[in-house]
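I opened the notebook to look at how two chains meet, and I set the sequence and the structure beside the page before writing anything down.

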Amino acid sequence: MALEQVLKAADFATEVHNDWCPGCGDFGILRTIQMALAEMKLDPYRVAMVSGIGCSAKTIHYIKTYGIHTLHGRVLPVAQGIKLANPNLEVIAVGGDGDGMGIGGAHFVNAGRRNLDMLYVLYDNGVYGLTKGQASPTLKLGVQTKSLAHPNINEAVNPIWLALAAGATWVARGYSYDVKHLKDLIVQGVRHQGYAFLDVLQPCPTYNDINTKEWYGGEDRADQNGGRPLPRVYKLEAEGFDPVVRDPTDIEDKAKQALEKALEWGDRIPIGVFYNNEHVPDMGERIRQRIPTYYARTPAEQRIAGPNGEPLTDVAKLFARLSVPPST
Amino acid sequence: MSAKTPRLNDLSWMIGGPQGSGVDSSANTFARTCAHAGLNVFGKREYYSNIKGEHSYFTVRASSGTVRSHIDETHVLATFDAETAFRHVREVVDDGAIIYDPALGKTKVSDIPTIEHRLQGELKTYLIARGVGETLDDMLTTAKQRGVTLIPLPYNDLLEQIADEFHVDALSKIARMINMLAVGASLGAVGLEFEFAVTALNDVFRARKATVDMNAAGARKAYEIGKVLAPDFGYRLTTLPQKEPRLFLTGSQAGALGKLYGGLRVQTYYPITPASDESEFLEANEVLDLNDHGIPEAEDPAFVKEKGASVLVVQTEDEIAAITMAIGAALTGARSATATSGPGFCLMMEGIGYASINEIPVVITLYQRAGPSTGMPTRHEQGDLRFALHAGHGDSPRIILASGDFEEMIRDGLLAFNYAERYQMPVIHMVDKALANNSATIAVPDLADLRIDRGQLVADGTGFTADRPYRRFELGETPLSPRAVIGQHGTLFWNTGDEHDETGHITEDPVLRDMMMEKREAKLQLAGKEIPDSVKYHYFGAKNAQTVIVSWGSTKGPILDAMDRLLAEKESVGFLQLRLLNPFPTEAVMTYLAKAKHRVDIEMNFSAQLGGLIRERTGVETTHVVVKYNGRPMSNDEVHDTVKAIIRNQAPPRTVLTHGA
């Protein structure tokens, strides 16, 4: 589905007025998605962007592809419905941490089990932005962000751990202020054959006054670094971390090191690919084994009616099987 | 008994037993035996929400005439455990017969833990009143005193004989066969030729020869015993010539067939009784054949008629995923549906609202069961009409279509998709537990008149330009905007659960909001105008009948059967079966109901939901409501007797029916 003509990132922008708060981390993600779509030369008419509810969910209105802004927590089942019905489309799901880890938790787990060939980008900022700053499932225990009356009483869920446990076959984390790195991750995630999960650290400048851009950037630690900021975020690949499962026998070791890395937080926060396993057949392939024509004649593209509306599905054999023959 | 002329080809037969003991397959065998003999058959299945041990039973009516419902009385009761006999002996008519295991004669009613305390008390009172003890023998004695023929079937002896003949080393390996022995004895008592049972056993065991042979041998021995012990039995079955093949199927299968014929390509579901059977049937038949009705592809050498199509069935993590996944699939152009029951439907409401505001064609097949909450999961009710009508917040147009029998289920399977796509909104196709689990012979339906209508689909997106882009929700002269699908060149669109503008982007503009609300509602009005009367309702009987019954859904069967009797009794009675419940067929109700002397609303729910809806939409008040909510479907007799009493001015305004075990 690659395009002949060259589209720029700007070609994937709509004219819809963007109403995110100034300085929002979402801008970086939006921009990188547009850059990634352009870099992969994807045909906008073959791409479906699907979102949940919340600030992050508005992303799809700003991108010039098919854009389906769904219900709170339901981004994954809608995205999977699109992909299952037409496996030849490129499907990218985006949503907030509350959307994906809270109200949509069951879908998160089951998307991993299916391993459909699609990318899910989680906008991870620790708060429910659009409802004015309540604690989200990724906010750490005891942290008190601006809107909270008391420090957070719940422990945080670890999206990387949960994605691995659920069966995602490509698991990564990006940072919305490292645009080039994030863009590369999105490209990799889209190209991954199977279900790719990308956790994006995305500061909310309005409601999360703890995990800010300055905090991730380590501006508070300049005194330890000769007056220059000492970033908390570091890149896994820069330290030689190898997430790729090269042989199915590697799975256990690769999963263990991913889990171990995903525990790091605070002074050192890893970004990059934690785990990459292409040895698990994706759901499309599993379906093809049962329905050999699945890709050639997708559910979406099968003709179901003749020129005058004649139903084309032949139920004669089924009727015959349920028939009692004439009796004398 | 022998003095009377036997009642020919009009039998009500019942078999019962603990769940997991093969009650269903034995009933299936009995029903198929009758069907192969040419008789018309109607089967009703009753079971607990349980896998093994609780009591289940199955009634089969076999008749030379049309049969669409069960009756209260039982002519032959086939049992192989004590519980079935205790529970159902009182339903057996005085000139009926009971097949039972004499080895269980000393079992006391209080020995059976699966009989509820209330019923144990009731049975003991019954036995004490008749001056007998509380054993099964005592219970059977009361039946015998009434004239009932007792057919003791020595199950263990028969099993031993079979084990000998077929060299089976342990009786436990063939113990399951006792259900087929009960079938054999039943057939012997009613005198139907045994060969039909062999054909039926071949159907049921899918021609696994060894199993068929052994079961047939056992059933034949029991057949002879039945014949000998009930020589002059007053109910007989005999063959009836049938020139054409007929379908013998369940409602779940009818539901699936209709959807397939209607072009279903994606079905999502989460397991729930009694809806899952439909999805399982679909999944088992996911690879489909194609007709080549003059489609251009048929000219292509690559065109495959056989196995050229498919339906994708996806089991989801919950019903929220089921509806939203179906919505996603529908957005790509696949005819998409889900099937569920009350508790699952509860979880789908937000999705239904989403489909409504985004004008997404999706079909929800709602197999109603007894609520509220978990209610009685395996029992029948039509209690979700009000719920389906209003499910979701805000005003969200949807079409509601209710089927009353198997043929309607098949036809409505296709029509539901047509309406979903033509009017671009969710369609709730209402069926119920009784329809799902009933089985019956029906004439092979003639579907030749059915056509697929995909509504206004954008045929070619290349005409859209930057100056004149595609607008998914274009406001034009009609409320129907051309619908494009994801992946169709030139037709980008957006959807959102928020109110939207013509392209599908969020808006809170008050003027646009009004226009979009009115557009969506106008589609519903249009559906009301365009959908033909032949779909909206059926009317049976004389137009100016003094008594007009109004109902919806599976009560159609017992009402029509009862009406046949009432008309034979020269009563002036008509029946208005409402099928399209939203938009509401106001005119039909006014025409047929307003002038009747007795306006009788019959429904399987507590609050007479349709009656209320009729009052709301037409101002017409029904004079009588007949309701039932004990979880057991209405019988022919219940409807007949109640309507008869109404006609004679002997019935109160509200009658609650209570029959059924």
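Which residue is the bridge partner of A:Thr313 in S11(B)? I found that B:Leu290 is the bridge partner.

I noted that this is a predicted model, in which local features need pLDDT of at least 70 and side-chain atom pairs count only at pLDDT 80 or more, while totals for chains, interfaces and linings use all residues. Residues are numbered from 1 along each chain as its sequence is written, and chains are lettered from A and ligands numbered from 1 in the order in which they are written.

I then followed the strands (DSSP runs of E, at least two residues, numbered from the N terminus, as are helices, runs of H or I of at least four). S11(A) pairs with strand S11 (residues 287-290) of chain B over two bridges in the antiparallel sense, where pairing requires that DSSP finds at least two bridges between the strands. The open sheet here has three strands in the order S11(A)-S11(B)-S12(B), with antiparallel pairing. Strand S11 (313-314) of chain A and strand S12 (309-310) of chain B each have a single partner strand and stand at the edges, so one side of each is left without a neighbour in the sheet.

I also looked up S2(A), which runs parallel to strand S19 (residues 494-496) of chain B and is joined to that strand by three bridges; B:Asn495 in S19(B) is the bridge partner of A:Ile68.

Finally, I recorded that the contact (C-beta atoms, placed from the backbone, within 7 Å) takes 60 residues from chain A and 79 residues from chain B. H2(A) gives eight residues, the largest share of the side of chain A that touches chain B.

Terms used:
Two residues are in contact if their C-beta atoms, placed from the backbone, lie within 7 Å.
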